Each structure stands twice: as C-alpha cells, then as structure tokens.
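Dear colleague,

Please read the notes with the structure open beside them.

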Amino acid sequence: MAIYSPRASGLGNSAAYQVAGKPYLTGSLLTFENGVNLSTSNEYKVTFPTVTKRVTISNYATGSNLAVYFSPKATSPSTITGTHYRIVDSGGTSVTMNIKCSELYISPLPTGKVDYFSFGQVGGDPTQGHFEGFNVFAELTGVPSAEMYELTGSGINVSTYTDGQN
C-alpha cells in the first residue's frame, strides 16, 4: 500500500515558480531631498511576504532615476561604490526581473545627473506641487520568506572579485 506524502512548496521546488504567482503591489512617494547623492539619499526597503518569482519596478518620478539593489547601503556600502544596482529611468519606465528574493532596496538618484555619485535634488518639490514616486509589483510563490537565503557576494555587495576586477 502506497503512502501519500504531500511535498510542501520549497525554495528549490520548481513547481512553485511554474504556476501563476500571487500578486503583491506596493509603492511610495519619494521624499524631496536636496544636496544628496546616491550614497546619502533615502533608502526604501520592500519586504515581501513570501519569496518572489518576478518583480516589476515602475518609476513615476519625472526627474529622479531609481537604483534597485539587494543589500542595504548602511551595512554594504560597496553595493553603491561597486555599482551593484539596476537603474530604473524616470518618466514612467518599468523594469521587470525574474528573480527570487524576499526583500529589495530602492534609492532615488539626483535629478539630471549622469554621474550617479554627483550631488543634487531627488524627488519632486511638494511646495511646487510635484509628487513623484514608484511602485513595485511582484508575483509571489508559496515559499515562506524565512526559507530564502541572504543575497550576497559578487554582483550584490562585493566591490572586488577574487580575480581583482570590479
């Protein structure tokens, strides 16, 4: 007689990523800041209730690009200095990533700057009636966030690879 033993959805279970994801949507207005650069601008943390299978970040700011990354600036400054972030251009641009993660971080880049380490203004000036922001849409799996490993290493928060390259 066979014994039925249902398998729970887990991090390495491919079926969890093959079915349609549970929708998750959040967003924020960008806080107006002047005289900041990417290293010093506000950081917005997005924590997902379960592990993601796909994430889309939409930038509705007209003047501030966004940097999206997976390790906080405070504990991993090499995330920024090593340029381990994805740029989402301003003006309604969206970026979709097929990734599994349980959290990500978003910071605005100074207005009109090509050099992302230059100082400038981020967010819209509310005194001028400008309210700028972003939203995050994710497709979630049934995998609990507690099962997700910490994203770290080359391409995430390490500034120098073992072969000495950046």
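Although 31 residues separate Gly-91 from Tyr-60 in sequence, the two are 5.5 Å apart in space, C-alpha to C-alpha. Please keep in mind throughout that this is a predicted model, and that the values below are computed from it.

As for the overall make-up, the protein has two helices and 10 strands, and from the N terminus on its elements run α-β-β-β-β-β-α-β-β-β-β-β. Of its 166 residues, 42% count as buried.

S1 is hardly covered, since the count of buried residues among its eight residues is zero. S4 and S10 likewise run antiparallel and are joined by eight bridges, with Arg-54 standing opposite Glu-139 in S10. Thr-141 also has its place in strand S10, and this residue is buried, with a relative accessible area of 6%. Between Thr-141 and Arg-54 there are 87 residues in sequence, whereas in space the two are 9.3 Å apart, C-alpha to C-alpha.

A further open sheet of four strands has the order S3-S8-S5-S6, and its pairing is antiparallel. Here S3 and S6 stand at the edges with a single partner strand each, which means that one side of each is left without a neighbour in the sheet. Neighbouring strands of this sheet are turned by 25 degrees against each other on average, direction ignored. S3 is joined to strand S8 (residues 103-108) by four bridges, and these two strands run antiparallel; the bridge partner of Val-46 in S8 is Leu-104.

The aromatic side chains come next. With ring centres required to lie within 6.5 Å, the count comes to three aromatic pairs, and I describe two of them here. In one of them, Tyr-24 and Phe-48 have ring centres 5.6 Å apart and planes at 75 degrees, so the pair is edge-to-face, given that the class asks for planes over 60 degrees apart. This pair links distant parts of the chain, for Tyr-24 is in strand S1 (residues 22-29) and Phe-48 is in the loop between strand S3 (44-47) and strand S4 (50-59), 24 residues apart. Tyr-24, at 22% relative accessibility, counts as partly exposed, whereas Phe-48, at 2%, counts as buried.

Another pair is made by Tyr-44 and Phe-134, whose ring centres are 5.5 Å apart with planes at 75 degrees, so that this pair is edge-to-face as well. It too links distant parts of the chain, with Tyr-44 in strand S3 and Phe-134 in strand S10 (residues 133-144), 90 residues apart. Tyr-44 is buried, with a relative accessible area of 13%, and Phe-134 at 6% relative accessibility counts as buried too.

Finally, there is the question of pockets. The largest pocket has a volume of about 160 Å³. Its lining consists of Phe-70, Ser-71, Pro-72, Thr-75, Ser-76, Ser-102, Glu-103, Tyr-105, Met-148, Tyr-149, Glu-150 and Leu-151, and by class this lining has six nonpolar, four polar and two charged residues.

With best regards

Terms used: Residues are numbered from 1 along each chain as its sequence is written. This is a predicted model: local features need pLDDT of at least 70, side-chain atom pairs count only at pLDDT 80 or more; totals for chains, interfaces and linings use all residues. Side-chain values use heavy atoms; hydrogens and water are left out. Rings of Phe, Tyr and Trp (its six-membered ring) pair if their centres lie within 6.5 Å; planes under 30 degrees apart count as stacked, over 60 as edge-to-face and the rest as tilted. Buried means under 20% relative accessible area, exposed over 50%, partly exposed in between (1.4 Å probe, protein chains only). On a 1 Å grid over the protein atoms alone, a cavity is a set of points where a 1.4 Å probe fits but cannot get out, and a pocket is an open set with protein on both sides within 12 Å along at least five of seven lines; lining residues have an atom within 4 Å of a point. Grid points are joined across faces, edges and corners, and a volume is the space filled by probe spheres set on the points. Ala, Val, Leu, Ile, Met, Phe, Trp, Tyr, Cys and Pro count as nonpolar, Asp, Glu, Lys and Arg as charged, and the others, Gly among them, as polar. Two strands pair if DSSP finds at least two bridges between them. Axes are lines fitted to C-alpha atoms, for helices over the stretch in contact, and angles run from 0 to 180 degrees between N-to-C directions.
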